Amino acid sequence: MVNGFDENATEAALRIKDSTGAHVTVLSVGHGFTDDGGGVPVMKKPLSMGADELVLVEDPALVNLDSFATAYVLAQAIARIGEVDLILCGRQASDWDNAQVPLILAEMLNAACVTVAQSVTVTDGVATVERVLPTGYEEMEADLPAVVTVSNELGEPRYPTLRGIMAAGKKKPVYLAPADLGLDAEQLKPRLKLQDLFVPESDRRCDFIEGESEADSGRLLALKLREDGLI
Amino acid sequence: MASDSGLDSGTGELIALARTLGETVDVAVIGERESAAQAISLGADRVYLLGGEALVNGGSDAALQAFESVVNETRPGAVLLAKTDAGADLGPRLAARLGTALAQDCTSVGLDSDGNLTATRPVYGGNAVARVSFGTGQTGLAIVRGKVYEAPEADPSRTGEIIETSPEIDPARARVRSIRKVEQAATGIRLEDAAVVVSGGRGLGGPEPFEQLTELAGLLGGAVGASRAACDAGWIDHASQVGLTGKTITPELYITVGISGASQHMAGCSGSKNIVAINSDDSANIFKDSRYGVVGDWKAVLPAFLATVRELRND
């Protein structure tokens, strides 16, 4: 699945392509891309949106990687892809919400790093980034190469056009295996030990307020909150 | 222990936590001597007061180098950072440089029977909790959620050591520059500080109902929030977004209208004391965490609720 914020990152890359003609490569790490289950068509969405190339690092050993291992594989793949000016990532994943892969990746690549961008432009070897702040934004400049994480404030990702979908259908992803990248199995081990994973118990119980009509329910709700001293 | 630049309430909370983990508590501060003294009054034994022009003007890249040098010098058992924008950026990079691991967004940090650092943190948008442990002899980095630990009362008579130092900053590794900050005019009470928050979501169907929510918030002395869906739709500014990637709020009363309560939203409001939900879907997730709920069309419920609140306030 393409992570929600990764689509924002794709959109940011395509806007830079629109204005500078940059070459956009989409990179993903995982397993099951080649399954009949449809892994590839999903991953092809960025291609149908307008990206130039899709590189998939594929292996059964590359599932459930922690942030450090994921960053390590991405860094090795990026080194293999060659000279890269700008690496755009979604601001965080949808599951463990670690929001740390891009930052670790920047360290591994010895690249500049700016997080939570609402706008990214590139001129003369410098990325100009608007970083979202709680009460506005901060305009930042980062030397290239840089890693920038993109937030939903950037705006809606574009829809694939029919022509884009047709073109993407013809493109073949470039598959890379761990051996191609000379991956060190030691670096893929998790750095933290998961001791326990559980569903927290909620002690809250909802009292539903039901009046004679919906409007009456609204009135009774206000009276109830006053009775409890909440308003 | 490295902390954010400047002392906010989070620093006291981290010191309280650090006290439970080890014999001595060090605090690293970029800032004024006053902040260092304040850290000692809150329970720090040693404060590294970091300064120097290269650091003060070098942004987050320079701060990272400074904290790295302090950790290398002090070799602590654990490094605690507050869950702020700066902490979230520094933590993973610091962990990468130190070759250690990081636990993000922790709601508790402790030691197991072998003395190894452990941490619990919500995952899958707060639907589950993971408990993780660091390896023996590993310097554990933890980014700790705010308002989980209680900051100690400041004791001005406490004494401690202040070590003033200007760490060496490699300018070649300071590659990000701040050009300018653009502040949007803040209106009313900050969401994070509000005792009452009134939020609207996708179910409102447009920007107009936010006028009623604004009036309601005004009557209750609170602030207006929104779900990500409402912000992405352009009905209200993104600065009002409550949730995992928006603001984390902890009001006494949280009133939601037309918000289903997706886990990403709940991650930002689960610290609310009392949640009240108005939603047309009786199976909406929001009701699971609510104290009071009304199942119904907000178009009928909200005006009557608002009118009654108005009357009560005028009494």
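This is a predicted model: local features need pLDDT of at least 70, side-chain atom pairs count only at pLDDT 80 or more; totals for chains, interfaces and linings use all residues.
**Strand pairing around strand 7 of chain B**
- Strand 9 of chain A (residues 193–198) runs antiparallel to strand 7 of chain B (residues 128–133), and five bridges join the two.
- Within chain B, strand 6 (residues 117–123) also pairs with strand 7 in the antiparallel sense, here over six bridges.
- One of the residue pairs to look for is Ala119(B), whose bridge partner in strand 7 of chain B is Val132(B).

**Positive phi at residues other than glycine**
- Val116(A) is not a glycine, yet its phi is positive, at about 55°.
- You will find Val116(A) in strand 4 of chain A, which spans residues 112–123.
- Val116(A) counts as buried because it has 25 C-beta neighbours inside 10 Å, and the cut-off for buried is 20 or more.
- Lys147(B) is not a glycine either, and its phi is positive at about 60°.
- Lys147(B) sits in the loop between strand 8 (140–144) and strand 9 (161–165) of chain B.
- With 14 other C-beta atoms within 10 Å, Lys147(B) is partly exposed.

**A cis peptide bond in chain A**
- Leu144(A) and Pro145(A) are linked by a cis peptide bond, with omega near 0°.
- Pro145(A) belongs to the loop between strand 6 (136–143) and strand 7 (146–150) of chain A.

Methods:
Residues are numbered from 1 along each chain as its sequence is written. Chains are lettered from A and ligands numbered from 1 in the order in which they are written. Helices (H or I, at least four residues) and strands (E, at least two) are DSSP runs, numbered from the N terminus. A residue is buried if 20 or more other C-beta atoms lie within 10 Å of its own, exposed if 12 or fewer, and partly exposed in between; C-beta atoms are placed from the backbone. Two strands pair if DSSP finds at least two bridges between them.
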